[in-house]
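Please read the points with the structure open.

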Amino acid sequence: VGLPNVGKSTLFKALTKKQVDIANYPFCTIQPNTGVVKVPDNRLDQLSRLNNSAQIIPASIEFVDIAGLVKGAHKGEGLGNQFLSHIREVDAIAHVVRAFVDKDVVHVSGAPDPKGDIETINLELIYADMATVEKRIASVRSQLKSGSDKKIEELLALLEKLKSTLDAGRLASTIELTLEEKKSIRDLSLLTLKPYIFVLNTDESGSVDASLADVIAESTQSATSVTLCAKIESEMAELTPEEIAELGLASTGLDTLIRTAYETLYLITYFTSGPKETRAWTITRGTKAPQAAGEIHTDFEKGFIRAEVINWKDLVDACGELAAKEKGLIRLEGKEYVVQDGDVMVFRFA
């Protein structure tokens, strides 16, 4: 998300290498564009070489390019309400902030103002959430008229706490919520509770106003920021991995953004690897072995017996499964094992 002409669609095209409408005027993007991209992971290449795998299947993540929001979007300015509804469907928000100056690219407010732009987008999300919370408060209060109920009273107290925070111009994510409280308001799909990434789109110099870090820190407690130049990333997206390596780059800004998005969603990767394929499987941090097995097939979870587990680096260093077993590096884990990022797993099931 972001204001019009901050580089969202340029960035999206570079991310997905997918042709989208890009033009120097607001609202060029009306329908959200979606693209699935692979998560960069050099562990896959090493495991594939070890097992002479016929194919590699990486983890993936979906990006959605939503048209520019403007001041007053929550009241329908621009194409606001339509766009805000698109944001409700995503798991995390990447807010693209224009941190470059280019007289040939118009700014919706006249002149680039990164701090003001962040405030504008935040306020639009806050106003949209405020309307949602106020509607739910009215509904809960009417429920209480028919008699007291402890759970409903607790929900009302939480909703009023959220309203006070939003009224003060702060994102809902600045409140410390228990797991139960999060569950009780999950159906609201509050925009300002979603994980947040700031993408600072700079010019070719890559310089960013140091004070922006303070603005981001004040905005939300859990935000991560990625700095890149969408123009350069767009040009580099046309290069092969070999050409990028020749430039002396271990990875690109896009790689950093993709990995940051993956980590922001509390996702980790485990691997299966053999002659047929080496594959990355995506699970939420904290997932136990049976549920991880269920990502491959529901039968694996239902009939789970145990898992053979080894860290990918230990497997590569041992030069294969047979040597790893001889060295006692492969463990047998049961139903309570919490899968770790980088585990290579073989599941046994009935």
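1. Start with helix H5, residues 150–167. (Helices are DSSP runs of H or I of at least four residues, strands are runs of E of at least two, and both are numbered from the N terminus.) H5 has 18 residues and reaches 26 Å from its first C-alpha to its last. That is close to the 26 Å expected at 1.5 Å a residue; the expected span is 1.5 Å times one less than the number of residues.

2. A word on the source. This is a predicted model, in which local features need pLDDT of at least 70 and side-chain atom pairs count only at pLDDT 80 or more, while totals for chains, interfaces and linings use all residues. Residues are numbered from 1 along each chain as its sequence is written, and side-chain values use heavy atoms, with hydrogens and water left out.

3. Look at the ends of H5. Asp-149 caps the N-terminal end, with a side-chain oxygen 2.9 Å from the backbone nitrogen of Lys-151. (A polar contact is a pair of N or O atoms within 3.5 Å; within protein, one must be able to donate a hydrogen and the other to accept it, and residues adjacent in sequence count only if both atoms are side-chain atoms.) Just after H5, Gly-169 takes a positive phi of about 80°.

4. Which residues of H5 are buried? They are Ile-152, Leu-155, Leu-156, Leu-158, Leu-159, Leu-162, Thr-165 and Leu-166. (Buried means under 20% relative accessible area, exposed over 50%, partly exposed in between, with a 1.4 Å probe and protein chains only.) Their cover includes helix H4 (114–144) and helix H6 (179–184).

5. Now the nonpolar cores. (Each is a set of buried Ala, Val, Leu, Ile, Met, Phe, Trp, Tyr and Cys residues joined through side-chain atoms within 4.5 Å.) The largest has 52 residues, and Leu-11, Phe-63, Ile-87 and Leu-257 have the most contacts inside it. A second, separate core has 19 residues, including Met-130, Leu-155, Leu-171 and Leu-188.

6. Leu-11 deserves a look. Leaving aside neighbours within four places in sequence, Leu-11 is in contact with Val-96, Val-199, Leu-228, Ala-230, Leu-254 and Leu-257. (Contact means heavy atoms within 4.5 Å.)

7. Next, Thr-260 in helix H10, residues 253–264. Thr-260 is buried, at a relative accessible area of 10%. A polar atom of its side chain lies 2.7 Å from the backbone oxygen of Thr-256. Beyond four places in sequence, Thr-260 touches Ile-197, Thr-224 and Val-226.

8. Is strand E7 (residues 267–273) largely enclosed or open? It is largely enclosed by the rest of the structure, because 6 of its 7 residues are buried. E7 runs antiparallel to strand E8 (residues 277–284), and 7 bridges join them. (Strands pair if DSSP finds at least two bridges between them.) The two form a hairpin with 3 residues between them. Thr-269 stands opposite Thr-282 in E8.

9. Ile-57 sits in strand E2, residues 55–57. At 22% relative accessibility, Ile-57 counts as partly exposed. Not counting residues up to four places away, Ile-57 touches Leu-44, Glu-277, Thr-278, Arg-279 and Ala-280.

10. Finally, the whole chain. The protein chain has 14 helices and 11 strands. Buried residues make up 44% of its 350 residues. Of its contacts with a separation of 6 or more, 68% are between residues 24 or more positions apart.
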